[in-house]
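Subject: Structure for your reading

Dear colleague,

Please find below the structure that I promised to pass on to you. My notes on what was found in it follow directly after.

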Amino acid sequence: MMFKLNIITVSLLAMSGSVMAANFGVGQANTESVNMEKYQCKRCVSETGYSGKVTLLTGYNSPDDLHAGNALGTAEDGAIAAISGELRYLNSTGYKASMQAHQLGLDNGFANLKVGKSGLYELELDYQAIKTYESGDARSQLWQNDGMLTPSVYPNQFDLALQREKSAIGLNYGEGRYNTFLRYSQEEKTGTQSASLVAPRPTNFGLPVDSTTKQLDAGASLAGDNWLTELSYFGSYYSNNIQDLSLPYLSDVYSAAPDNQAHQVSLSGQYQLDRTVMSGRLVTGRMIQDDSLIQMSGNPLQSWDGEIETLDGRFAVTSMLSNRLRVGASVDHSKRDNKSSSWEFTQYSYNALSGAFKQNVPQDIKRNTYKLNASYRLASGYRVQAGFDRKEVDRSYSEREQTDENNLWAKLNVSAFDQVNINLKASHGVRGGSEYQVNELTSSEDNILMRKYYLADRTRNALELKFNHSPLSWMSIDLTGRYALDDYDATIIGLTESKDYGYDLNINLQLSKNLTAYGFAGQQWIDSTQAGSQSFSSPDWQADIQDEFINLGAGFSYSGLMEDKLTLGGDYLFSNSISDTYLDGSALVGSDLQYGDYFSYNHSVRMYADYALSPKMALKLSYQYERYYDTDGAQVGINTVPGLTTLGELNHDYNAHQVMLSFSYLLR
Amino acid sequence: MICRLVKRVLVGIAALAWVSVSVNAAPWDHLTGEQLEQKLTEKFTQGQYSPKGADSCLMCHRKNEAVMAIFDGVHGSMNNKQSPMAGLQCEACHGPQGKHNKGGKEPMIAFGAESKLSASAQNSVCQGCHNDPKQMAWHTSTHNLEEIACADCHNVHSAKDSALDKLTINDTCTSCHSKEKADMNKRSSHPLKWDQMTCIDCHSPHGSMNESALNKPTINDTCYSCHAEKRGPVLWEHAPVTENCVTCHNPHGSVNDDLLNSRAPQLCQQCHAPDGHASRVVPEPGMDAFGGGKSCLNCHNKIHGSNHPSGSLFQR
């Protein structure tokens, strides 16, 4: 394959030289007659000093449910306040600064500051807080303190929410042909998430999260007229401040995510020869994990020498052979070489084949991807594209050690009509590979008819039609329809078929100079079928999973009221996610079964009025309403199911409101 | 009498219509894209730049707010020697004026949706200066192959480019990527619809040397940049997890919780069919420990891999 691609590359290079391209780059300009000393710019506006605006926000938040904090920016109940703003500063010698802040003071917000001299250096400081809320009424009798999960008599109520706070500092330096960058960031992730342990009954509990991820990136680049190269380093260091968890009567029931680090060094480059561009990159990396292991009988190690060496390479070329024809090719190689050692460890669950001891299996994965593509302009406004992609994956210790996927695709773009664009894309992909076999080291217990869906033979056909129409100068309509069918033709047990189809429609209107409006509607269906065998032979049950998604929205903005001082706007969004599961087959006692409800919907409304008090001051009143409902039949009370302890029913059903009054001051 | 009045009105409307058409129409509107490119290439080669720079242009265009907004952004800065306004000024990007100002008979290089000029010709202007590592994979990128022009996303005649503002990046991307826009609103998704995350946290719109224009060499590397606790390596790996996060998750959103392609137990049963246990039909989600609570994950909770010496079944 490499050899074939080399021939293609050479022939592309040979053919590309004769074609001239329009290149209006300023470096190509014929400036013989230019005398810049005569340039005047009396009409140019160059204002130095500060500009931008600062906004103070204050309001009332009524989340009703902690989960509403996701949409409202904070789950706080009652009065809230925050500050937002955008500031720019420029002086006459080219020093500049800019700052952007968004909702600082709420649980979700960010601030960014950049200072420097245009085209020479820039120092950047960045802060971001993201808080995601899962539930405010999780309940558990297990309470974590210093690695010990202590049972209490009555369940405690607590929040399931995670907060990320990331701070970063970065420096760019360089001008013209060379550039360098250095960036350091640190993210603290704290909160509680849902987890479960076996002791020996399955018990759901609130897993404390307290970790730090540090990231250090640095790089330098050099550029010439037709080439570019960059050498860079990326380092990531994860440390978990939560230890392995124990119960008073059972130690180390839940292991903590181990500290780890990853390093990558990347060398990349690009070379342009007229209308042929080649780019390539080589990344070598190492992932290391040698955290202390839990000490117990049957563990021969203090710590394990987990180490993965990675190598990723790519070479790509694209060339305009004529003004009508473009061709391209690329080769990608990715290797994950697991250098970790392999040992035998005692397992609690008895393994019928290998006994109580089990050996860890460090898996190697190697991928090669080859792509060819061509684009040909049939006539003005008509273009066809076609391509062939091949992906090969080799993995050790697997039921199927080698898979390959060939994909043929074609597109037709029609832009010949003034107000209509049509894009049609079709693809046909086939995945096959080496013989599928049950492997002793992996899944010796599996039914021999099982084909894991990510390894199984698969035929994938997909079609997409995009239609863009601007019937009037003030109206544009986009309609997209999609259909994809995955057929796992060699699978008897496992996922056998998946069909994904849908459409979306977007309309944008510029009804007058001051009035804009939009609307959208979309639906998607994913129908999957899978088979199982309770009798460990041929299939005796089948599940049909029918997913459906509906998305509707509309909004407007009108800025022409009270002598253009008042802007009114509104947005509405409705989304509904449904997943229905139907069971059928002889393994079922009685008739066919439909799973319990599993759906969610929300109505989101935003309305605002923005009034300019003066050229420098503005007031904005906004209102946000969130109606949210989700349900899942799997959610049960703490002890509803004998032998299982949950965190309670964590479904949501709420109406949340937020009223915000903001005052903005314009600095110029 | 009435007939004459109607005739006058019609003539008046026709005259007004002609005037309005002739005001909006430019002498080069009849040129095809290829003819326009040819003409502009000739002009560019001749290099007849205006004697006074920007003033020659602003003499006519100064009343256009969109034109004057160039001075609000970095491209209009005159004290940055790399800025076009510090060099050939307007003509650095729009090409030499030639006879454009003499009766408006010659076209200039124009950008955006209304321009008949090919995307590659438009983009050559931007690439004349923006030749840095972020653009290294542009030529082989899907956006380039789809003939997307820089000006389709970026606006340099503005204080703020919406493609660079964290609060409007997602709107910029989803104005074309409508499926991903819908996905953000599914039952579970990354927090994109509230602009807490942006598309460019994972993807490079200018193309990258990675799959799906991702920022990191592999899909998993991209996920690990925020989910480093799942990076490992760990003693007991779950093979499909190590191979590819999207085996089980759809990062753009899902109708299932946790961005899963299917819910447990069905998702797990698409790969696991041992004797008894995982093969059993789970008739109702809330009836027993196989379907209630976290389903299979009630016991196999360390599904992303375990570093416990006895964690081969991801139970501890």
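In which sense do strand E21 and strand E22 of chain A pair, and over how many bridges? Please bear in mind throughout that this is a predicted model. The two strands, E21 with residues 420-433 and E22 with residues 458-472, pair in the antiparallel sense over 12 bridges. Within this pairing, Arg431(A) is found opposite Arg458(A) of E22(A).

E22(A) also has a partner in strand E23 of chain A, residues 475-487; these strands run antiparallel and are joined by 12 bridges. Here Asn461(A) stands opposite Leu485(A) in E23(A). Two residues lie between E22(A) and E23(A), and the two strands form a hairpin. As a general point for reading such strands, side chains in a regular strand alternate between the two faces of the sheet.

Is Glu134(A) buried or exposed? Glu134(A) belongs to strand E5, residues 121-145 of chain A. The residue counts as buried because it has 20 C-beta neighbours inside 10 Å, and a residue is called buried at 20 or more. Setting aside neighbours within four places in sequence, Glu134(A) is in contact with Leu160(A), Ala161(A) and Ser194(A). By contrast, Asp274(A) is 140 residues away along the chain, and the C-alpha atoms of Glu134(A) and Asp274(A) are separated by 55 Å.

I now turn to chain B. Its secondary structure consists of 13 helices and zero strands. Chain B has a radius of gyration of 29 Å, well over the 20 Å that the globule rule gives for 316 residues, so the chain is more spread out than a compact globule. Its C-alpha trace spans about 90 × 65 × 30 Å along the principal axes. Of the 316 residues in chain B, 49% are buried. Among contacts in this chain between residues at least 6 apart in sequence, 54% join residues at least 24 apart.

The buried residues are Ser120(B), Ala121(B), Gln122(B), Asn123(B), Ser124(B), Val125(B) and Cys126(B). What covers them includes H2, helix H5 (90-94) and helix H8 (150-153) of chain B.

The two chains also touch each other. How many residues of chain B are in contact with chain A? There are 116 of them, and they are in contact with 146 residues of chain A. Several helices of chain B each supply at least two residues to this side, among them H2 (33-46), H3 (54-61) and H6 (119-127). The largest share, seven residues, comes from H2(B). The residues on this side of chain B divide into 44 nonpolar, 49 polar and 23 charged.

Residues 191-231 of chain B are 15% helix and 0% strand, with end C-alpha atoms 21 Å apart. For residues 238-275 of chain B the values are 24% helix and 0% strand, and the end C-alpha atoms lie 20 Å apart.

Yours sincerely,
A colleague

Notes:
Residues are numbered from 1 along each chain as its sequence is written. Chains are lettered from A and ligands numbered from 1 in the order in which they are written. This is a predicted model: local features need pLDDT of at least 70, side-chain atom pairs count only at pLDDT 80 or more; totals for chains, interfaces and linings use all residues. Helices (H or I, at least four residues) and strands (E, at least two) are DSSP runs, numbered from the N terminus. Two strands pair if DSSP finds at least two bridges between them. A residue is buried if 20 or more other C-beta atoms lie within 10 Å of its own, exposed if 12 or fewer, and partly exposed in between; C-beta atoms are placed from the backbone. Two residues are in contact if their C-beta atoms, placed from the backbone, lie within 7 Å. Ala, Val, Leu, Ile, Met, Phe, Trp, Tyr, Cys and Pro count as nonpolar, Asp, Glu, Lys and Arg as charged, and the others, Gly among them, as polar. The radius of gyration is taken over C-alpha atoms; the globule rule is 2.2 Å times the number of residues to the power 0.38.
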